[in-house]
Structures are given as C-alpha cells and as structure tokens.
Amino acid sequence: FTQPTDPKEKQWDDFSRQVAKELDKGRNINAYNNLIVVAPPHMNGLLFQHLNKHVKELVTHNLKNDILNLTESELTEFLHQSLLK
C-alpha cells in the first residue's frame, strides 16, 4: 500500500528535476564555471536531490530563501549581504 502523491508535490519534483537537467546541460557545454542557487528551502531540497555530483561541485553559494516578493533594491541588498558572507 502506497500513500497517494500530492499532485502539487509531483509538479514541484518534476520542475526541480527539469531545472537540474538544464543545469547539467549547461555544465556540459561550459555555460558557467560556478553556480549560485537561491531557492526556498523546500525547492532547494528537491533541486539538490536531482543535481548530479558534477553540478553540485560548481555550487559556490546555496541560499535557502524565498526571494520572489523582494523589490529590485531589496534583492540587490539581499544578494550583496548573502554573497559577502
């Protein structure tokens, strides 16, 4: 007997899997040398479940924050403060 999967959770998992796949494609064509991940804690966890070790090695900062509602100036300040740590 298996618990039914929440459709929203399935969508989040599928999305995080697709993002991980795209990040790996970018790594394979040297589209980036390092990676800064900014995502809410739950999405961050899902994403890191799907990232392969090669992409994970390129992550220089992993910020577990929900920044969707920040203004441009708030976002700039958040990134400035977070990346200087």
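Among contacts in the protein chain between residues at least 6 apart in sequence, what percentage join residues at least 24 apart? The share is 64%, where a contact means heavy atoms within 4.5 Å.

## The model and its numbering

This is a predicted model, in which local features need pLDDT of at least 70 and side-chain atom pairs count only at pLDDT 80 or more, while totals for chains, interfaces and linings use all residues. Residues are numbered from 1 along each chain as its sequence is written, and side-chain values use heavy atoms, with hydrogens and water left out.

## Overall layout

The protein chain has 4 helices and 2 strands, and these follow the pattern α-β-α-α-β-α when read along the sequence. Helices (H or I, at least four residues) and strands (E, at least two) are DSSP runs, numbered from the N terminus. The C-alpha trace spans about 50 × 30 × 20 Å along its principal axes.

Of the 85 residues in the protein chain, 25% are buried; buried means under 20% relative accessible area, exposed means over 50%, and partly exposed lies in between, with a 1.4 Å probe and protein chains only. The protein chain exposes about 6500 Å², and carbon and sulfur atoms supply 54% of that area, as computed by the Shrake-Rupley method with a 1.4 Å probe, where for residues only the protein chains shown count as cover.

In soluble globular proteins, nonpolar side chains tend to be buried together. Here the largest nonpolar core has 10 residues, namely A20, L23, Y32, L35, V37, L47, F48, L51, V55 and V59. Helix α1, strand β1 (35–38) and helix α2 (41–50) each supply at least two residues of this core. A nonpolar core is a set of buried Ala, Val, Leu, Ile, Met, Phe, Trp, Tyr and Cys residues joined through side-chain atoms within 4.5 Å.

One member of the core, V59, touches L35, V37 and F48, not counting residues up to four places away in sequence.

## Helix α2 and its buried residues

In α2, the residues M43, N44, L46, L47 and F48 are buried, and the buried residues of this helix pack against α1, β1, α3 (53–56) and β2 (59–63).

L47 counts as buried because its relative accessible area is 6%. Leaving out residues up to four places away in sequence, L47 touches S16, V19, A20 and V37. L47 and R17 are 30 residues apart in sequence, yet they lie 6.7 Å apart in space, C-alpha to C-alpha. N44, which also lies in helix α2, counts as buried because its relative accessibility is 3%. Apart from its neighbours within four places in sequence, N44 is in contact with V37, A39, N62, L63 and K64.

D24 is found in helix α1 (residues 7–28), and it counts as buried because its relative accessibility is 18%. The side chains of D24 and N52 are joined by a polar contact of 2.9 Å. A polar contact is a pair of N or O atoms within 3.5 Å; within protein, one must be able to donate a hydrogen and the other to accept it, and residues adjacent in sequence count only if both atoms are side-chain atoms. Not counting residues up to four places away in sequence, D24 touches Y32, N52 and V55.

N30 is found in the loop between α1 and β1, and it counts as exposed because its relative accessible area is 63%. Although N30 is not a glycine, it has a positive phi of about 55°.
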